[in-house]
Structures are given as C-alpha cells and as structure tokens.
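My notes follow in the order I made them.

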Amino acid sequence: MSYMRGDLLTKMRKMVKGLARPEPRWLKAMEEAPPVTFPRPEGRIKQIEFPEDVYVRKFNKKHPDSLYHDAIKISGFDPPPARVFAWRVLELKEQGVSEDDAMAVADMEYRTQKKAKKKAYKELKEIARSEGKKPPPNPYPSAIKEIQAEEKKYVMDRLFNRKVIEIANKMKEERDKLRQERAAGQW
C-alpha cells in the first residue's frame, strides 16, 4: 500500500492492540516472517552535481550578461558557453595547468570567440547592406529585445485588432461605471 505511511504490519499491530479490529489470521505468520523493508533516504535528496558546475558558476559570476544569451536550447546541439568554458578549464587542469591559469586561458578563448562572432556579424551586415538585402539575425541579441520581438504581435493586436479594441473599450466602460458607483456610494 504505497499511499500509507509506515508499513502494514505495524499499522495492524496498533489497531489490534487498540481493539479497533479483531486479530486477522495472517498477523502471526507475518510477524514471524515480516516483509522486506527498504531503507528510506534521510532528509532531502542531494542535487546532482557535475565536476564542471563549480566553473560554470564562476563563469556566470564573471559574465552575468551571458546568462541571458546562453539560454539552453532544448532542440539545439550546441552547449552553452558556460559549459564549454568549464570543460576547457577541466581539460587544461588535466594537462597540469594551475586552476587560475586555466580559467584565464579559457576566459581569453571565450572573449576572442565572442569578439570574432561579433566581427563576423558586423561584416555580414555590411555585405548585406551593400547588396541591398536584409541583414542576418544577430548572434548576440539583447534578451530584452528578444522578449519584445515575441510580444510585438500582441502589442500590435492591442492597437489594431477590432475585437481586442472592443474588449478594451468594454473594460474601460465597466471600470468607469464601477468608479461612479463607488463615488456615489461614498457621498
């Protein structure tokens, strides 16, 4: 009985001792050969930690802006830069480099890679402008701009969709009526 606290044998013993139930036939046999009890975990279950998690946290402290850019994309195959940084630090430490030097090297590699991506995007924009085409999407967009782009459709609906405008007007009328009723009730 998975929904019960405790096991069936102790529950039945308590009920028989308290005269709440008559003693069932199986109680003596079960007391002689009790069922197997599995140990329960003590306290909270520990969170799974990987060796690179320490360096991921250090990376996020050093580059707090990357938290927004490095969202985990479930359908993507590329790991977030924080994990790549941590893996690089562990790789350098295995080669015998000190932790501080390994972090400095991995950080330098991250920054050069980020600068290279930004420079490549800048060049792509210039090429697209010279050809008169639309520039490609930014590899490092602002998190706020991404959210605003998702919400832009709903903002435009609020301004131009007739159904939404009608609903908003009804809500305004109801609010005004409620204010008038409150004002009339107070005087």
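I started with how H3 and H6 lie against each other. The model is a predicted one, and I read it as such. Helix H3 covers residues 53–62 and helix H6 covers residues 99–131. I found their axes 12 Å apart, at an angle of about 55°. The two helices are therefore oblique to each other. I noted a right-handed crossing where H3 passes H6.

Next I asked which residues meet there. From H3 I listed Tyr55, Lys58, Phe59 and Lys62. From H6 I listed Glu99, Met103, Asp107, Tyr110 and Arg111. Sorted by class, this contact has four nonpolar and five charged residues, and no polar ones.

I stayed on H6 to check Lys114, which lies in that helix. Is Lys114 buried or exposed? Its relative accessible area is 15%, and under 20% counts as buried, so Lys114 is buried. Leaving out residues up to four places away in sequence, I found Lys114 touching Asp65 and Tyr140.

Then I turned to helix H1, residues 8–17. Its buried residues are Leu9, Met12 and Val16. They span an arc of only 70° around the axis, so they sit on the same side of H1. The spacing made sense to me: an α-helix has 3.6 residues a turn, so residues three or four places apart point the same way.

What do the buried residues of H1 pack against? I found helix H2 (26–32) there. On the face turned away from the buried side, I saw the exposed residues Lys14 and Lys17.

Terms used: Residues are numbered from 1 along each chain as its sequence is written. This is a predicted model: local features need pLDDT of at least 70, side-chain atom pairs count only at pLDDT 80 or more; totals for chains, interfaces and linings use all residues. Side-chain values use heavy atoms; hydrogens and water are left out. Axes are lines fitted to C-alpha atoms, for helices over the stretch in contact, and angles run from 0 to 180 degrees between N-to-C directions. Helices (H or I, at least four residues) and strands (E, at least two) are DSSP runs, numbered from the N terminus. Angles under 35 degrees count as roughly parallel, over 145 as roughly antiparallel, 65 to 115 as roughly perpendicular and the rest as oblique. A crossing is left-handed if the near helix is turned anticlockwise from the far one by less than a right angle, and right-handed if clockwise. Contact means heavy atoms within 4.5 Å. Ala, Val, Leu, Ile, Met, Phe, Trp, Tyr, Cys and Pro count as nonpolar, Asp, Glu, Lys and Arg as charged, and the others, Gly among them, as polar. Buried means under 20% relative accessible area, exposed over 50%, partly exposed in between (1.4 Å probe, protein chains only). The arc is that of the directions from the helix axis to the C-beta atoms.
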